[in-house]
Amino acid sequence: MSASSGSAVPGRMRAVVFDRYGPPEVLRVEDIPVPAPGANQVLVKVAATSVNLTDWEGLRGTPMYARIGGLRSPARRVLGSDIAGVVAAVGPGVTRLRVGDEVYGDNLGLKGGFAEFAVAPESALAQKPAGLTFAEASTLPQAGSIALQGTADARQGQRVLVNGAGGGAGSFAVQLAARAGAHVTGVDNAGKLDYLRGLGADATVDFHSTDFSRLEPFDLVLDLVAHRSVFAYRRAVARGGRYLFVGGNVRTLLRVVTVGALLGLFSGRSLGLLIARQGPAYFEPVAERCVDGDLRIHIDRVFSLDGVAAALACVGEGRVLGKVVVTP
């Protein structure tokens with residue numbers, strides 16, 4: 001390896017790979033070469049990678065935006081973006097991190113976390129707080145960033161609804177909005193409602209039995225699993241309030257950014273897409289609050305590389321409270 005590295009970097013590694021979009025069964029564990037870091041990149045010996053809904057979407061290639069960069073076949077053979085581990089080698093131009101540093105971050109551009117080693121841009125990574133385990137740190141970069149930015153407008157006395165509240169980003173969003181003094185309603189399946197109340201939700205809704213858009217309108221709706229019509233979302237938002245699309249099907253996304261924007265303009269409401277920014281500046285504040293005990297990290301289950309298919313299925317099918325983590 002031409003980059004500056006420690007003495008323990010092997011030539012090959014175990015990784016979970018796939019070559020076509022499909023169900024978890026298309027995944028397999030292979031022995032592949034350890035990647036070498038390029039300019040401004042580091043090689044991380046992965047200690048933990050948390051599973052996000054983006055991994056499930058990237059596996060299946062749906063919604064269609066999951067195929068950006070790889071319309072017919074996956075652009076990256078190894079999924080997994082939220083990594084935590086130890087820097088094993090650094091490429092040219094790296095100035096902030098050194099071999100041996102404990103780091104974590106969202107490697108959404110390159111992925112590769114479901115493996116023993118992963119290459120990531122230095123800019124995507126931060127020093128892991130001593131107060132967090134590698135598994136805990138891996139849960140934060142993507143989910144924490146989305147939750148922090150999605151609840152940035154939450155204020156004392158406001159009514160905030162989080163749809164898909166029992167997953168990773170939803171769990172942090174419920175806590176952040178509650179800590180801001182908002183009255184928080186968490187929406188998910190019936191099996192997660194007790195968990196949401198434990199996170200600080202003032203009210204809970206089972207989406208199987210209740211349409212949240214028929215409830216009293218909210219000042220902020222953070223929608224992590226959107227699939228209703230824009231007219232329902234307009235109805236769910238109080239005048240002067242805001243609806244933010246984070247995840248869901250392409251049809252809903254397109255309608256929110258077109259018809260929804262117009263509906264909002266003429267009704268005194270804001271309906272739009274949350275474009276969450278990436279990088280340490282957006283997840284380190286969440287990590288600090290976790291270390292301080294203000295926010296809670298909940299890891300539902302931990303899987304090995306051999307269990308990545310099952311881990312992805314748990315997340316994709318909505319059977320997780322908080323986060324699922326993979327350890328090589």
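**Surface.** I looked up the accessible surface of the chain in this predicted model, and it comes to about 13,700 Å². Carbon and sulfur atoms account for 52% of that surface. I then asked what share of the residues is buried. Of the 328 residues, 53% count as buried, the cut-off being under 20% relative accessible area.

**Charges.** I noted 34 positive and 29 negative charges on the chain. Their mean positions lie 7 Å apart.

**Overall form.** I recorded nine helices and 16 strands. The radius of gyration is 20 Å, close to the 20 Å that the globule rule gives for 328 residues, so the chain is as compact as a globular protein of that length. Along the principal axes, I found that the C-alpha atoms fill a box of roughly 60 × 45 × 35 Å.

**Gly93.** Which residues is Gly93 in contact with, leaving aside its neighbours within four places in sequence? I found Asn40 and Glu122, a contact here being heavy atoms within 4.5 Å. Finally, I compared Gly93 with Gly170. The two glycines are 77 residues apart in sequence, and their C-alpha atoms are 37 Å apart in space.

Notes: Residues numbered from 1 in each chain as written. Predicted model: local features only at pLDDT ≥ 70, side-chain atom pairs only at ≥ 80, totals over all residues. Heavy atoms only, no water. Helix = DSSP H or I, 4+ residues; strand = E, 2+ residues; numbered from the N terminus. Rg over C-alpha atoms; globule rule 2.2 N^0.38 Å. Buried < 20%, exposed > 50% of the residue type's maximum accessible area, 1.4 Å probe, protein only. Areas by Shrake-Rupley, 256 points an atom, 1.4 Å probe, with all protein chains shown as cover. Lys, Arg positive; Asp, Glu negative; His and termini not counted. Charge placed at Lys NZ, Arg CZ, Asp CG, Glu CD.
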